[in-house]
Amino acid sequence: MKLRIFIITCLLSIFINAQKTNSAISTPVAEEYFGTKVVDDYRNLENLDDPQTINWMKSQTAYTNSVLDLIPKKNYYLEKRLELDKRQGYSVSNLNITSNNKYFYLKKKGDEKAYKLYYRDTFSGKEELLYDPVMYKKSNGESHAFVINYISPSWDGNKIAISMSEKGNELANLIIMDVKTKYIHPEVITNTAPAGFDGIKWIDDNSGFLYVAFSTTDPKSKDFYKNTRTVLYKIGTDPKDAIDVFSAKNNPDLNIADNQYPMILSFNLDQQYYIGMIVDYQSYRKTYMIKKKDLLEGKKNWEPLSDPGDKAKSFDALKNEVVFLSGYNSSFNRLCKTNITHPDFKNSEVLVSEKKDEIIKNYEITNDGIYYTTTKNGVEAKLYLYKNGKDISIELPFPSGNVSLESIGTHFSDIWITCSGWANEEQRFKYDIKTNTFKPENLTPITEYPEFKDVVVNEINVKVRDGESVPVSLIYNKNLKKDGKNMMLIDSYGSYGVSYTPFFAKMYLLWVNQGGMVAVAHVRGGGEKGEQWRLAGRKETKPNTWRDLIDCTEYLINEKYTSKDKVAIWGASAGGITVGRAMTEKPDLFKAVVAEVGSLNTIREEATPNGQPKEFGSVKDPKEFKALLEMDAYHHITKGVKYPATFITGGINDQRVTVWEPVKFAAKLMAADSSNNPILLKIDFEGGHAGNVPVAQRYANLGDMFAFAFWQLGHPDYQPKENVKK
């Protein structure tokens, strides 16, 4: 055994040395910000038109694949996920129900690569295939691997808009289908991103819809997300003639900045007004309203509705009132209402008062009252009904970490509740208020997973260095021993006020089933404990995010759940800040790090299409520059330090985190690291920001990360083969 380990170690050392001889070319650029000199060693790698950059990315990806191919169970995760899909039979997503009870949804059978669009008239009606994305061809007649990423039926269910993207690109092509005849209208709206911009809103007479349009179609342009417009498209017209109804250009009196997104919120048929919101990644935003009739007639008489200082969000306009969630003078939030024509958000009528330790997450207005859900620490959900001035608690069908609501309008009693948890398969129920019962109404078959029967979930709180209590979700086998030998995967995010809510996490369960343990650290910067939790991990307070992760890791080690040589941390997207700075601040604390499409070079993000100065800061402001530099993992890599084994991924079509961020980080880490730990870079040349790809591709990418982590944590089934060819 010792000889075998020695041989493998030698061969891997040869591989690592071979990789270092293929180091990236460094062309340093020095800049000064408010008296601070910053040297960017790999600025040249930002040029994605440079063949040397692309070739280096390709060679590193090929090298990474060659290393991962040595791992015996490298394909285990992919094969197991596909096997579980087949066992389930099929899966369903993007369910839309019209007020006349027509069901539209995406469905994928276990052996299929992508979701198809289906329809049925009422829940018990006969299922009918409407559209297979493989049918879609570009204007030049070429067929590509498109996936449907969004659907939106008209109010009457007679038409449906279908959005499709390819190779992970968030930009999509939008087609319109007549449901009864399956006729596809010849007009194609290209380069849209409805799934990421609050979708499509059909106007009341079903003759067209509103959507967000971009000022440029070049996804690599720095101005890609700037000067967006909400436009009105009428069915049958040329998409180029879509009418601008809400934008900086169309409404100069509203003083909309070029990096803000003017969009119209979802509405109901009986609503008299459209509510327009100026989106800028803040929790509370400036909103306006306009009569529907006025906007459709081309008028521009938007009236102010709310200011950020009102701390109002999640609006639902009724005839004369607007219902909303209020954070004004509230640690968490309250459900309130005010007059829509003379609003006073700060002195509004309180329907549901602030609840201790519970945040109101979402609500739906029905004919019977207002159903709403709450969450404690982002992981414990409850359901209530506000009716006739009373607040009624409704017992859920089973304890749930996450609950979502669906309804079809304020004049209907129909309400659906979907419950899920880390180890509970998602189930959907229709609630009957008369009998206080839940009737299962699942479009997806309930499947038995006996291999997960011994998995348990424990929600704990970890006191960190400043005395704050950080929620941590622990997922493990009930027979786990606290002996410090458990292979621990710690997942964390902590940005934009996003709560990491429980879902039926097969990826975690498969990790546990192979002898590992999972922890989800709900670090500051997320929304698990309200607005103050978010603000405590943003800009100048951002260090709390990665230090929470460090402190949670140390707690789990001290409590003998694991040990330093058995810990892998994983962060995706903005979670790259979390894991990138945790590993550069405490490199000896972790055995392995997985940075998936990670934000790793924050002082350069304003140079990317999706730079977020409102969330992270701007280099144009001296205080915010210091905060950005502090959270920049790339600039905290130090020459000669022994860093943990690191797996870094990027997507060539990523429009959220430009691919050169992880590429630069990988290049600098390889040059600086003094350990013999592998540093692997893998670029998905057929993908983007992880999503909008065929499921097998997504599973394979996840499988690579898991195989790498298990390899580094010493799982015996994931140790490379000894018959390596030099």
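1. In this predicted model, Ile264 stands opposite Gly276 of strand E17. The pair belongs to strand E16 (residues 261-264) and E17, which are joined in the antiparallel sense by four bridges.

2. On E17 there is also the pairing with strand E18 (residues 286-291), again antiparallel, over six bridges. Thr287 in E18 is the bridge partner of Met277. E17 and E18 make a hairpin, with six residues between the two strands. In the turn, Tyr281 has a positive phi of about 65°.

3. How many residues of strand E17 (residues 273-279) are buried? Seven of its seven are, and the strand is mostly covered. In a regular strand the side chains alternate between the two faces of the sheet. Here Tyr273, Ile275, Met277 and Val279 point one way, while Tyr274, Gly276 and Ile278 point the other way. Both sets are buried.

4. The loop between strand E15 (243-246) and E16 contains Asn259. Apart from neighbours within four places in sequence, Asn259 is in contact with Lys226 and Pro613. Asn259 and Leu295 are 36 residues apart in sequence, and their C-alpha atoms are 23 Å apart in space.

5. Another part of the model holds an open sheet of eight strands, in the order E32-E33-E35-E34-E36-E37-E38-E39, with mixed pairing. Which strands stand at its edges? They are E32 (455-463) and E39 (679-684); each has a single partner strand, so one side of each is left without a neighbour in the sheet. From one strand to the next, the twist averages 15°.

6. Within this sheet, strand E37 (residues 592-596) and strand E38 (residues 645-651) run parallel and are joined by four bridges. Ala595 stands opposite Ile648 in E38.

7. Two helices that pack on the sheet can be taken in turn. Helix H7 (residues 543-558) touches E32, strand E33 (469-477), strand E34 (487-492), strand E35 (516-521) and strand E36 (567-572). The direction of H7 makes about 155° with that of E34. Helix H8 (residues 575-585) touches E34, E36, E37 and E38, and its direction makes about 145° with that of E36.

8. Helix H8 is largely enclosed by the rest of the structure, because 10 of its 11 residues are buried. The buried residues are Gly575, Gly576, Ile577, Thr578, Val579, Gly580, Arg581, Ala582, Met583 and Thr584.

9. The structure holds four cavities of 30 Å³ or more. The largest cavity has a volume of about 160 Å³. Which residues lie nearest its centre? Of the 17 residues that line the largest cavity, these are Thr649, Gly650, Asp684, Asn701 and Met705. Strands E38 and E39 and helix H11 (695-713) are the elements that give two or more residues to this lining.

10. An unreviewed UniProt entry lists residues 510-714 as "domain: Peptidase S9 prolyl oligopeptidase catalytic". In the model, the span is 38% helix and 15% strand. The C-alpha atoms at the two ends of residues 510-714 lie 17 Å apart.

Technical notes
Residues numbered from 1 in each chain as written. Predicted model: local features only at pLDDT ≥ 70, side-chain atom pairs only at ≥ 80, totals over all residues. Heavy atoms only, no water. Pairing = 2+ DSSP bridges. Axes fitted to C-alpha atoms, helices over the stretch in contact; angles between N-to-C directions. Contact = heavy atoms within 4.5 Å. UniProt positions renumbered as here; feature names shortened; annotations may be inferred. Buried < 20%, exposed > 50% of the residue type's maximum accessible area, 1.4 Å probe, protein only. 1 Å grid on protein atoms, 1.4 Å probe; cavity = no way out; pocket = protein on both sides within 12 Å on 5 of 7 lines; lining within 4 Å. Points joined across faces, edges and corners; volume = space filled by probe spheres on them.
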